[in-house]
Amino acid sequence: MRTYDFTPFARSAIGFDRLFELLNAGSKETAEGYPPYDIIRTSEDGFRISLAVAGFKSSDISITAQQNLLTVTGRKADAKNEMDYIYHGISAAPFERRFNLADYIEVESASFENGLLQINLIRRLPEAMKPRRIEIRTAEAADHHKPAKAA
């Protein structure tokens with residue numbers, strides 16, 4: 001994979017530090033694919049992350065959301081009676097998956113069923129950032145709103 005030097009852009013871009021950090025971190029990310037996951041758009045402002053975590057129980061998994069970062073960690077509890085495996089193909093290795101979230105993306109809910117962990121996300125923009133229609137007043141309308149002159 002190619003690496004890019006964003007230094008020339010960073011010198012003149014103010015407030016884009018996080019973007020450059022994300023781009024640099026993405027190029028250094030390992031190709032480890034465990035556990036496999038899907039990211040699905042469920043609506044204009046809704047998303048779902050589905051992680052395949054076969055062999056784990058919901059109590060073995062923790063989800064932590066903090067500003068712009070979602071971390072999913074899996075650690076199996078120590079088994080009291082170890083099995084004598086002839087072949088062990090279902091991984092029980094501990095894992096940590098990190099997902100960078102855009103501003104205003106929040107975790108709405110999480111569920112666990114049939115070996116799939118489903119994390120529902122939603123974008124919640126503050127009212128001040130939502131588009132709003134501005135009324136255009138005419139000179140006539142402005143005259144109607146002037147207080148009457150006292151005689």
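Student: Why does Asp45 count as partly exposed?

Tutor: Buried means under 20% relative accessible area, exposed means over 50%, and partly exposed is anything in between (1.4 Å probe, protein chains only). Asp45 has 32% relative accessibility, so Asp45 counts as partly exposed. Please note that this is a predicted model, in which local features need pLDDT of at least 70 and side-chain atom pairs count only at pLDDT 80 or more, whereas totals for chains, interfaces and linings use all residues. Residues are numbered from 1 along each chain as its sequence is written, and side-chain values use heavy atoms, with hydrogens and water left out.

Student: What makes the contact between Arg123 and Asp45 a salt bridge?

Tutor: A salt bridge is a side-chain nitrogen of Lys or Arg within 4 Å of a carboxyl oxygen of Asp or Glu. The N to O distance between the side chains of Arg123 and Asp45 is 3.3 Å, and therefore the pair meets the definition. Arg123 belongs to strand S7 (residues 116–123), while Asp45 sits in the loop between strand S1 (37–41) and strand S2 (46–52); the pair links distant parts of the chain, 78 residues apart. The strands named here are DSSP runs (E, at least two residues), as helices are (H or I, at least four), numbered from the N terminus.

Student: How many salt bridges does the structure hold?

Tutor: The structure holds 4 salt bridges. One of them joins Glu96 to Arg98, with the closest N and O atoms 3.0 Å apart. In general, side chains of opposite charge can pair when their charged atoms come close.

Student: Why does Arg98 count as exposed, and why does Glu96 count as partly exposed?

Tutor: Arg98 has 52% relative accessibility and therefore counts as exposed. Glu96, at 43%, counts as partly exposed.

Student: What does the salt bridge between Glu106 and Arg124 tie together?

Tutor: The closest N and O atoms of Glu106 and Arg124 are 2.8 Å apart.

Student: What makes S1 and S2 paired strands?

Tutor: Two strands pair if DSSP finds at least two bridges between them. S1 and S2 run antiparallel and are joined by 5 bridges, so they meet the definition. Ile40 has Arg48 in S2 as its bridge partner, and Tyr37 stands opposite Leu51 in S2. The two strands form a hairpin with 4 residues between them.

Student: How many bridges join S2 to S7?

Tutor: S2 and S7 run antiparallel, with 7 bridges joining them. Phe47, for instance, has Leu121 in S7 as its bridge partner.

Student: Why does Leu23 count as partly exposed?

Tutor: Leu23, which lies in helix H2 (residues 17–28), has 38% relative accessibility and therefore counts as partly exposed.
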